[in-house]
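Subject: Handing over the structure

Hi,

Here is the structure I promised to pass on. Have a look at it first, and then read on for my notes.

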Amino acid sequence: MNSTARKIYIIILICLTALTLAFIWGNSMLPPNASIKGSSNVYGAVVDVVENIAGTPAKENFIQTFTHQIFRKFTHFAEFGLLGLELSLLFIAVGKFDLKYGYFIPIAGVAVALIDEFIQIFSKRGSSMMDVLIDVSGFLTAFLFVLLVVLIINKIKSKTTA
């Protein structure tokens, strides 16, 4: 990759990371009712698509409430997984994805999760240690996936040059 393409790639990754952070923290600033309404709308759309594909009717209210909670927790995991992927790729693009700087990526994930829960205190939603654990788990899953891919690529490269 030439230097111009690399710079553009880095700028795109910075913008995507900033948008993901804005999405995560912006949703954390929403009051409880707005947050529940927003996720309920997305959940309802997902249920409609699944029901249309599977051809099954809507589930009972208790089951929908239970699965909506699981859906909300999964979206925490997915949002932070995306952030972990973006930051990992950004560090690779900048050339800092190594032992000297690589520890910063998981620390950043923990920091973002803690800030996210801190923001929720002020939006009257309260904070949850379980959400922090889910967020960090999503982030670390993506980071470890990227790390595994990098290790495999480096192993393949070392075999072809040997």
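How many aromatic pairs does the structure hold? The answer is 3, where rings of Phe, Tyr and Trp (its six-membered ring) pair if their centres lie within 6.5 Å. One of them joins phenylalanine 91 and phenylalanine 104, with 5.6 Å centre to centre and 25° between the planes. That pair is stacked, the word for planes under 30 degrees apart, while over 60 is edge-to-face and the rest are tilted. Phenylalanine 91 lies in helix 3 and phenylalanine 104 in helix 4 (residues 104–122), so the pair ties together parts 13 residues apart in sequence. Phenylalanine 91 counts as buried at 15% relative accessibility, whereas phenylalanine 104, at 42%, is partly exposed. Buried here means under 20% relative accessible area, exposed over 50%, and partly exposed in between (1.4 Å probe, protein chains only).

Before the rest, a word on the ground rules. This is a predicted model, in which local features need pLDDT of at least 70 and side-chain atom pairs count only at pLDDT 80 or more, while totals for chains, interfaces and linings use all residues. Residues are numbered from 1 along each chain as its sequence is written, and side-chain values use heavy atoms, with hydrogens and water left out.

Now the overall layout. The chain has 5 helices and 0 strands, so by element it reads α-α-α-α-α from the N terminus on. Helices (H or I, at least four residues) and strands (E, at least two) are DSSP runs, numbered from the N terminus. Of the 162 residues in the chain, 31% are buried.

Helix 1 (residues 3–28) has 26 residues, which should span 38 Å at 1.5 Å a residue, and its end C-alpha atoms are 37 Å apart, which agrees. The expected span is 1.5 Å times one less than the number of residues. At the start of helix 1, a side-chain oxygen of asparagine 2 comes to within 3.2 Å of the backbone nitrogen of threonine 4. The buried residues of helix 1 include Ile10, Leu13, Leu21 and Ile24. Leucine 16 is also in helix 1, but counts as partly exposed at 38% relative accessibility. Together with Ile8, Ile12 and Leu19, Leu16 makes a nonpolar surface patch of about 380 Å². Such a patch takes residues with over 30% relative accessible area and no salt bridge, with nonpolar side chains joined within 5 Å.

How many salt bridges does a search of the whole structure find? It finds 1, with a salt bridge taken as a side-chain nitrogen of Lys or Arg within 4 Å of a carboxyl oxygen of Asp or Glu. The partners are aspartate 131 and lysine 73, at 2.6 Å, N to O. They link distant parts of the chain, 58 residues apart: aspartate 131 in helix 5 (residues 129–161) and lysine 73 in helix 3 (residues 61–94). Aspartate 131 is buried at 6%, whereas lysine 73 is partly exposed at 28%.

Helix 5 also passes the length check: its 33 residues should span 48 Å, and its end C-alpha atoms are 47 Å apart. At its start, a side-chain oxygen of serine 128 reaches to within 3.2 Å of the backbone nitrogen of methionine 130. Among the buried residues of helix 5 are Val132, Phe139, Phe143 and Val150.

Best wishes

Methods:
A polar contact is a pair of N or O atoms within 3.5 Å; within protein, one must be able to donate a hydrogen and the other to accept it, and residues adjacent in sequence count only if both atoms are side-chain atoms. Patches are made of residues with over 30% relative accessible area and no salt bridge: like charges are joined within 9 Å, nonpolar side chains (Val, Leu, Ile, Met, Phe, Trp, Tyr) within 5 Å. Accessible areas come from the Shrake-Rupley method with a 1.4 Å probe; for residues, only the protein chains shown count as cover.
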